[in-house]
Every structure is written in C-alpha cells, then in structure tokens.
Amino acid sequence: MQKNSTKLIFLILLVIICVLLYGFYDIKGGFDYAFPRRMIRVAAMIITGIAISYSTVVFQTITHNRILTPSVMGLDSMYEVVQTFIYFFAGSMSVWIINKYLNFGAAVLAMVLFALFLYRFLFRADKHPIYLLLLIGMILGTLLGSFVTFLQVMIDPVEYLGLQTLLFASFTNVKAELLYIAIGILLLSFIYGYRIMKKLDVMSLGRENAINLGINYDRMVMNILILSSILIATSTALVGPITFLGLIVANLSYQYLVTYKHSVLILGASLISIVALVGGQFLVEHIFELRTTISVIINFVGGIYFIYLLIKESRASG
Amino acid sequence: MIEIKGLTKQFGKKPVVEDVSVTIEPGTITSFIGPNGAGKSTLLSMVSRLLEADTGEVLLDQNNVKKWKSTEFAKRVSILRQANYINVRLTVRELVSFGRYPYSKGRLNSEDNKFVDQAMEYMNLTDMQDMYLDELSGGQKQRAFIAMVIAQDTDYILLDEPLNNLDMKHSVQIMKILRKLVDDLGRTVVIVLHDINFASVYSDRIVALKNGKLVKNGATNEIINSDALRDIYDMDIPIQEQNGCRICVYFNSQTS
C-alpha cells in the first residue's frame, strides 16, 4: 500500500507538470486571452480522462476481460448515428446543431437508451448474457457504422465537413458550455461509485464468489453497464470518440499498481489518462503545430499497445 | 435447517435435477454422491442461490432462500465451487479477508482480522499468507479458498468437490478439518464428493443422485452397502471393513 501511494503521488506530480507546461508554455499575445482558453481545454481533458478510465475499469471488472472496452458494445457508433441523422434530416443550421445543450442531450440520451435496450432485451432473453451481449454489440456497431457511411455518402459535401469535425475527437474545439453538465454527471457518478467501490473489489473474484459473499451480482452488473455507458456518452459528446484511450490507461494502471482495489485502480487510470491527454495535446499543439490531432496519436500508440496485449495474452494462454 | 422441496432444473429440454426433496440435518456432514451428470453440483448451486430453480423451493429456517437478504444469507450459508479462476493478483491473506465482506463491507476491524488469522491457521496457511495466489500450487490455492469460506463464519458450508486436484495427504487433511468444524464448532457441511470412500469414512449422511433424481437418502451406514450402491452406480461393489471404516473396493468391479 505504501508503495502504491508513492506511485499515485508520482502520477499526481506528473499531472501537475503536464498541466503547468500546457498552461504556460510559449504563451503569446494576451495572457488574459490565451490562459483561460487553455484551462477550458485542460478541464475538458481531465473530465474526459476520468470518465473514460472510470467506465473502462468497471466495465472490465464485470466482463472479467482486460481487452474489452465499452466502445466494443457499439456505443461510439451510436454517437455517430445520432450526429449523422441530425445532419442528414435536419441539416447543419437546425436547432439540434446550433443549440449545444440539445445536441449533447440527444447524444447522451440516445447512447444510454441504446445500451439500456441491449441490456434489457438480453437480460430477459438469456442467463449468461455477457459474451452474447458483446457479440451482438459488435455486430450492431458494425451495422450502424455501415448505415452511417451510407447516409454520409449522400450528404451535401459542405455539410459533411461540418459533420466530420464532430466525429473526430478534438480538444481544440471543446464545447465549453457543456463542461458544467459533464462535471455534474461526473460528480453524480462519483457519489454512486463511492458506494460501490468495495463491491467492485468483491466482484473481481467472479460471479460465484461474489454471490457467496452476499453481492446481488446480476443487478450490480446491470447498474455498472448503465453507469459505464453514461460516462462514455458524456465524454464522447464532449470531445468526440477516443476509442483506444480507455484500453491503454486501464491496462497501464493494472500493471503499474498491482492491486485489486478499485479505488486505487480507477484513480491511477484517471491520472494516467490525464497525463496522456494533456501531454498529448501539448505535443499536438507545440511540436506538431496542429498538423495532426490527438486522436491520431492516441489511436497510433493505442493500436501498437493493443497488438502487444494480444500477443502477450495469446502467449500466456498458449 | 435447510429444506429442499421439489427442486427441478432444466437446461434446454434436458432435466438436470428432477423433483428432489431433501432435508439437511444441522450439525452433520452430508455428502452428495452419484455418477457423472447426476445433477449434484446443479443441486448444490440451487441450494446456495447461485442458480435459480425452475420449480420447487429451498427453505433456510422456514424462509425461502429468495426472500433472504443477500448479505444476511451470506452470513448463514457459504458456498465454494470447483473452478476458481481469478484474474486479479491477490495474496492469500487478501483472499481470506474477503470472507469477512458480509460483516465488514471491506473495512476490517480487529475482530474480522481475528477470524482471518484463525481461518488461515486452520488451513495451515499462516506461513504463506503474504504469497500471491498465482505462486501457489493447486492444493494450496484450494486451501486458501476454503479458508476464505471458513472466515465467512457461516452455520452452513457448502463445498462442490473440494478435493479436486488434491493429493491424498491434503484430501485427508481437508476432510479432517471439515469433521472438526462439525464436531467442535457445530457447523453443518454439505459436500459434493466424487470419491465414495471419503464419503463413507467422513460423512454422517449421504444423499445419492442419479440422472437428476434422488435415489437414496439416509445415514452413511444405510447407503454404504452393496445393494444400495448397485442402485446408484450400476456396479457390484464389495465392501470391506477396516478399523471401523467401510471401504468400497470398486477398482475391479464388473461394469455393465
């Protein structure tokens, strides 16, 4: 435990360094102009980092699998479906695009409803739902993705450019007015999370041991799936889809902080993802001079790490 | 008291357990025996609420198991299944401490720690309490899981083939510990056993299942005789007495 607290303090220091570097490096023109803008981006990155880490770690606990993430369920695709639908049927000048709250609300609602529909439908249908659920999620994700591409091909090219900015993760055009709502959702999920941290620890022993120890397992799985999808929906609506980030940070956290305690694991994963996002954004803005986006960097590093994980897991089982 | 009333469970169209009614006598070791696929594990899973029965009910102290609050039930009945794959790194002590979860909700007080220490001592694990589970042998791991269940301090302990993967010495050790739990501490143990001779030597009562149906239910000496065993296993099994223990010598029996 002593060692883990040192590691966490190290991560916190790293976060502070990254934030200071990003906030003050090469500040040109009016400080009063640039600094608050940078801080809004930092706030968005912190919220996104925490939401993605939190949802991925709990999701992996209930699926007992370290390669799955909530986006495998097709949640990211649902976000694309909503935005494409709006552009296709209402157009870029409609209230659904202009009013950021409405757009945010619609996206979150659609994603949570999609998740709920999946879980409700399948929890009634089958007693061993997780793998079937994931398989169906993946298939639906692909289906929705193809459908979205179909619609996008028919959209007016100028409109499509507007849509594209929504579908790529970017911290340079954060919707600042959505920050407060996102913070609110995050706080609520923390209050719930505080009550279930110890239950999550027990659930990592597997379904049968958890039930033996008095956990209402199936209901908890349901609650956590919903929590997870709300968090992912929030972060996606705020900055766009970042598929690999959750996978990388959750696994780095398991490897770095060898423990079963979710409070430590989630904190660690959150700190790592803040470092990755703020540090990555710093690189994008000052080294690459905005010639690339952070999602490209994250998907590149994440892709390599994912392949490494697959090779390692197949060796371990083979 | 645990009463099993008319339990039935089907997987697909195949009934795995069919209309089984048994009463578990408190303060005894009851063994569930029977050939492969007889439904022993399924029955145990239903008793311990890991699996929902299609029809029938299980009563703990006259109350339906489904009506018990999950945490309260966890303070009365514990269950250990055969396959225990865990993908988090835990030390022996951390695992055994989980047994106190129904009481402490993860915040162990000194009394909880006392139970954890006792359970580890019972299972001879004190020396390796800080070792990680993935560093242990199959038998040591099994003992760690049993220690967790002992730390849970329940009146009823249900075990699904706890002797799997254990050598003779550790099997005997575990059966003796279970006997002690019953004789000294007044616990009730229900155990699924594959080896008929462990059932014969250590249990007070035997429940025999075959093709999902209850075929025999009685005191050990009523079941361990060639006639009853023929009904259960379709084999002629000679019995030999050795130091007051009835041993089934089935190794070269005629199979049909």
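**A guided reading of the two chains**

Ala250(A) is buried, because 29 other C-beta atoms lie within 10 Å of its own; a residue counts as buried if 20 or more other C-beta atoms lie within 10 Å of its own, as exposed if 12 or fewer do, and as partly exposed in between, with C-beta atoms placed from the backbone. This is a predicted model, in which local features need pLDDT of at least 70 and side-chain atom pairs count only at pLDDT 80 or more, while totals for chains, interfaces and linings use all residues. Residues are numbered from 1 along each chain as its sequence is written, and chains are lettered from A and ligands numbered from 1 in the order in which they are written.

Ala250(A) belongs to helix 11 (residues 243-256) of chain A, where helices (H or I, at least four residues) and strands (E, at least two) are DSSP runs numbered from the N terminus. Leaving aside neighbours within four places in sequence, Ala250(A) is in contact with Ser53(A), Thr56(A), Val57(A), Gln60(A) and Ala269(A), contact being defined as C-beta atoms, placed from the backbone, that lie within 7 Å. Glu159(A), by comparison, is 91 residues from Ala250(A) in sequence and 37 Å from it in space, C-alpha to C-alpha.

Two packed helices are described by the angle between their axes and the distance between the axes. Helix 3 (residues 75-90) of chain A and helix 10 (residues 217-239) of chain A pack at an angle of about 45°, and their axes are 10 Å apart; the axes are lines fitted to C-alpha atoms, for helices over the stretch in contact, and angles run from 0 to 180 degrees between N-to-C directions. Helix 3 of chain A and helix 10 of chain A are therefore oblique to each other, since angles under 35 degrees count as roughly parallel, over 145 as roughly antiparallel, 65 to 115 as roughly perpendicular and the rest as oblique. On the side of helix 3 of chain A, the contact is made by Leu75(A), Asp76(A) and Tyr79(A), and on the side of helix 10 of chain A by Ser229(A), Ile232(A), Ala233(A), Thr236(A) and Ala237(A). These residues divide into 5 nonpolar, 2 polar and 1 charged, where Ala, Val, Leu, Ile, Met, Phe, Trp, Tyr, Cys and Pro count as nonpolar, Asp, Glu, Lys and Arg as charged, and the others, Gly among them, as polar.

The two chains also touch each other. Their contact takes 16 residues from chain A and 20 residues from chain B. On the side of chain B, two or more residues each come from helix 2 (70-76), strand 6 (77-80), helix 3 (92-98) and helix 4 (101-104) of chain B, and helix 2 of chain B gives the most, with 4 residues. By class, the side of chain B that touches chain A has 10 nonpolar, 5 polar and 5 charged residues.

Within chain B, the strands come next. Strands of a sheet pair through backbone hydrogen bonds, either parallel or antiparallel. An open sheet of 6 strands in chain B has the order 6-7-8-3-9-10, with mixed pairing, two strands being paired if DSSP finds at least two bridges between them. Its edge strands are strand 6 and strand 10 (213-219) of chain B, each of which pairs on one side only, and the twist averages 15° from one strand to the next. Strand 3 (residues 29-33) of chain B pairs with strand 8 (residues 188-192) of chain B in the parallel sense over 4 bridges, and Ile29(B) stands opposite Val189(B) in strand 8 of chain B.

Another open sheet of chain B has 4 strands in the order 2-1-4-5, with antiparallel pairing. Helix 1 (residues 40-47) of chain B lies across strand 1 (2-11), strand 2 and strand 4 of chain B, running at about 120° to strand 1 of chain B. Because 7 of its 8 residues are buried, helix 1 of chain B is largely enclosed by the rest of the structure. Just after helix 1 of chain B, Arg49(B) takes a positive phi of about 60°.

Terms used:
Contact = placed C-beta atoms within 7 Å.
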